[in-house]
Amino acid sequence: MIKQSVSEVVPPNHEKTPHIEQDCIQSYNPATGEIIGQVSTTSPADAPLIMNELAQGQTNWGNVDIKERISILHRLYELMVERHPALVKLLGQELGKIEHEARFEVLQAILNLKYMLWKAPRALKSKRVFVWQLPYRMHKILRQPHGVVLVISPWNFPVALTFDAIIPALLAGNSVAYKPSEHAPLIGQFMADLIVEAGVPEDVFKIIHGDGALGAALIDAGPDKISFTGSVPVGRKIAQKAGDLLIPVTLELGGKDAALVLVDADLKRSARGILWGSMVNSGQMCLGVERVYVMDSVADQFVQELRQAVRKYLRVGESDDPQATLGLLALSSQADIVRAQVNQAEEFGATLYRDYQALGKLKQHPNLIEPLILTDVPPEADIVRAETFGPVMVVMPVTNEDEAIQKINDSEFGLTTSIWTKDSKNVQRLAPRLKVGLVHMNEHILSSAAPQVPWGGRKQSGYGRHRGADSFLAMTIPQAVSTEWFKLPFHPFAYPYNRFKRDLVRRLVYLWAGPTLKDKLKAFGRLK
Ligand code: NAD
């Protein structure tokens, strides 16, 4: 055990991000501080104009044949594969992602795009329903676009998460106002340029750069649907505004994911898997493992395996260092939050394990958060309750499954939980008791990235779903169209009301709604 304050390695007065000037955002490399590019911002006052233009563009786009929309976005798919090396590089430069993880994010985005191109014709196809009570009428359910969809994105997975919303929105015939994070403007611009180059008309898709004030103005301008991915406090503000304006909204918010290690788990494999689930993207993940509940009898051994895995696998370095398995945090402000939680846990008497290797001279960098394993942390500590969003996990012993489930659910968040065990029956049994959107066995990340699996949380982690067929449900409204197969000689229920119709409805209550055959037969007898 090594005990020392992480704050010792932090130089004071480090810079905050981003550099927002009056009409531009300068983006810089978090590792070097070097300016790597800039984008023009839009004034919040222009938001109504933008929404108007997109609304007009949508009327044509919504009528374009689905095959045509698919063919345009198929071109985007080809462009993404062709240009992905540049995007991978930019993810490293703008956010400090290590190359392997940046490429994994891009792969996820491309696979998701490919899946949605395949899924769209079936998911968006109108469906007939037979209404047995009205056999002379035909009912079709169309999937209609909302109109203008406002997509507001975070910085941590700016490629994959943004495609989750934009692609199904466009395929479904919506136009899209896309506001990327002010912390990842160049990546946002890169993808927007590809979307336009692929052939999506400029009055159907627009990127709008700016900070939260612009995001708020875009909502005030009245989009027809909002797809927001980001933090809980901002999500709450957006839900309030959307509630006032009655705009439907999908919210993908923060998390405090747990892993549960059962007594029969393969501890070496669990330690390695949980470590990856916690440290990938330097822990800057809504679904990063931040709490580990482990059965008492195997807790010490599990911590030893975990420390062993840290020693073996965690090498902190710059994004372009091929030796690095963990990069810097993208934002110094985020690093401050992580540090504050770790320091508070230390004050509560936590034990800190820092077994990683540091590559080169990164020790003094303000965005460096040492990957840490913490034990002996009381449940009231922020690091157990609040989102951390850094490469830090807390390991806590539990005595039985009931206690574990109670503690996992005792969180305001509800994204995912992984259960580590040799027996899938344990997972089938415990999953329904967990108040989360996804339960994994012996894994924490991959199913969450799978294009076919609906993604989203419960409680403060948000509502609505991305990916799978749910993406298209989120980006469309069902519209029922009821037409006539043939005309009845008279309307059985409407004016003029007469004895015959009143009698008919009295009998139908028994015939159609009667729970037993005996009840139904009453329809043919004498009614009292
Ligand atoms: P954030 O909430 O600070 O910002 C997200 C976006 O909202 C940015 O584009 C920002 O400019 C915009 N914004 C800020 N204030 C706004 C306002 N008042 N009105 C409209 N827009 C506004 O989040 P972040 O720091 O970019 O991202 C990190 C957070 O996102 C974490 O909490 C993380 O858990 C969460 N996240 C969730 C998921 C998920 O799928 N559930 C995925 C990734 C990230």
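Which helix gives the most to the lining of the second largest pocket? I shall come to that after a word on the model. This is a predicted model, in which local features need pLDDT of at least 70 and side-chain atom pairs count only at pLDDT 80 or more, while totals for chains, interfaces and linings use all residues. Residues are numbered from 1 along each chain as its sequence is written, and side-chain values use heavy atoms, with hydrogens and water left out.

A pocket here is an open set of points on a 1 Å grid over the protein atoms alone, with protein on both sides within 12 Å along at least five of seven lines; a cavity is a set where a 1.4 Å probe fits but cannot get out, and lining residues have an atom within 4 Å of a point. Volume is the space filled by probe spheres set on the points, which are joined across faces, edges and corners.

The second largest pocket has about 330 Å³. Of its 18 lining residues, I98, H100, E101, W276 and T325 are the closest to its centre. Two elements, α3 and α8 (267-279), each give two or more residues to this lining; helices are DSSP runs of H or I, at least four residues, and strands runs of E, at least two, numbered from the N terminus. The answer to my opening question is α8, with 4 residues.

The largest pocket holds about 910 Å³. Its lining has 39 residues, and W155, F228, G230, S231 and V234 are the closest to its centre. Helix α7 provides the largest share, 6 residues.
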